[in-house]
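Here are some notes to read beside the model. Please keep the structure open and find each residue as you go.

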Amino acid sequence: MRRLIVGLSGASGVIYGIRLLEVLRDHADIETHLVMTKPAERTVVEETSQRVADVRAMASVVHQIGDIGASIASGSFRTMGMVVIPCSIHTVSSIAYCLSDNLLTRAADVQLKEGRTLVLVVRETPLHTGHLRSLLAAAESGAVILPPVPAFYNHPRTIEQLIDHTIGRVLDRFGVAHALSPRWGETT
């Protein structure tokens, strides 16, 4: 069983994290470990028709944000890595500067110290110099900065297709097979 930690922070775009959990449910060989911030829970309610309990039910294991003794807080707990989707600037800054004050940021710090993949799907625009410094610091520590930037070469017709393109890019970073979106130069 492969394990992937999915963190949801309070940035707009929580639908990206929800869609990732939906897609990963179809991968029986991947155990998802979900941790959500309190602002993420609020964003679920404000931006979607989902209930927080429904989002939690999509994950294999759910961890409470304050449980710094959870399995995902330890480097000895083996994982494929972690994705924070969406990732707020507050969260990326905490990760960049090692402020492990909750389970999401601690788990992210563990991925970096263990040399595992950490993908941050940062949702903010425009970016000021402070934001850019935090993003650079996170990248210099080993994080992959993957903002949800849509591609148009595949001629998306729906919001769902735009979201799936980003989810596909995230899954690619972890070597998870998918057919969510056409790839450039490949025939369908």
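1. Start with Leu-103. Is Leu-103 buried or exposed? In this predicted model, its relative accessibility is 0%. The cut-off for buried is under 20%, so Leu-103 counts as buried. Leu-103 belongs to helix α5, which covers residues 103-113.

2. Now look at what surrounds Leu-103. Which residues touch Leu-103, once neighbours within four places in sequence are set aside? The contacts are Val-35, His-63, Gln-64, Ile-65, Asp-67, Ile-68, Ala-70, Ile-72 and Ala-73. Thr-37 gives another view of the fold around Leu-103. Thr-37 and Leu-103 are 66 residues apart along the chain, yet 8.9 Å separates their C-alpha atoms.

3. Next, check the backbone. Most peptide bonds are trans. The bond from Ile-85 to Pro-86 is cis, and its omega is near 0 degrees. Pro-86 sits in strand β4, residues 81-87.

4. There is another cis bond to find. It runs from Thr-125 to Pro-126, with omega near -10 degrees. Where is Pro-126? Look in the loop between β5 (117-122) and α6 (129-140).

5. Turn to phi. Most residues other than glycine have a negative value. Cys-98 is not a glycine, but its phi is positive, about 60 degrees. Cys-98 lies in the loop that joins α4 (89-96) to α5.

6. Find His-155 in the loop between β6 (144-145) and α7 (159-173). Is His-155 buried or exposed? Its relative accessible area is 57%. The cut-off for exposed is over 50%, so His-155 counts as exposed.

7. Last, the aromatic rings. How many aromatic pairs does a search of the whole structure find? It finds one. The partners are Tyr-153 and Trp-184, with ring centres 5.4 Å apart. Their planes meet at 75 degrees, so the pair is edge-to-face. The cut-off for that label is over 60 degrees.

8. What does this pair tie together? Tyr-153 is in the loop between β6 and α7, while Trp-184 is in the segment after α7. The pair therefore links parts that are 31 residues apart in sequence. Tyr-153 has 35% relative accessibility, so it counts as partly exposed. Trp-184 has 69%, so Trp-184 counts as exposed.

Technical notes: Residues are numbered from 1 along each chain as its sequence is written. This is a predicted model: local features need pLDDT of at least 70, side-chain atom pairs count only at pLDDT 80 or more; totals for chains, interfaces and linings use all residues. Side-chain values use heavy atoms; hydrogens and water are left out. Helices (H or I, at least four residues) and strands (E, at least two) are DSSP runs, numbered from the N terminus. Buried means under 20% relative accessible area, exposed over 50%, partly exposed in between (1.4 Å probe, protein chains only). Contact means heavy atoms within 4.5 Å. Rings of Phe, Tyr and Trp (its six-membered ring) pair if their centres lie within 6.5 Å; planes under 30 degrees apart count as stacked, over 60 as edge-to-face and the rest as tilted.
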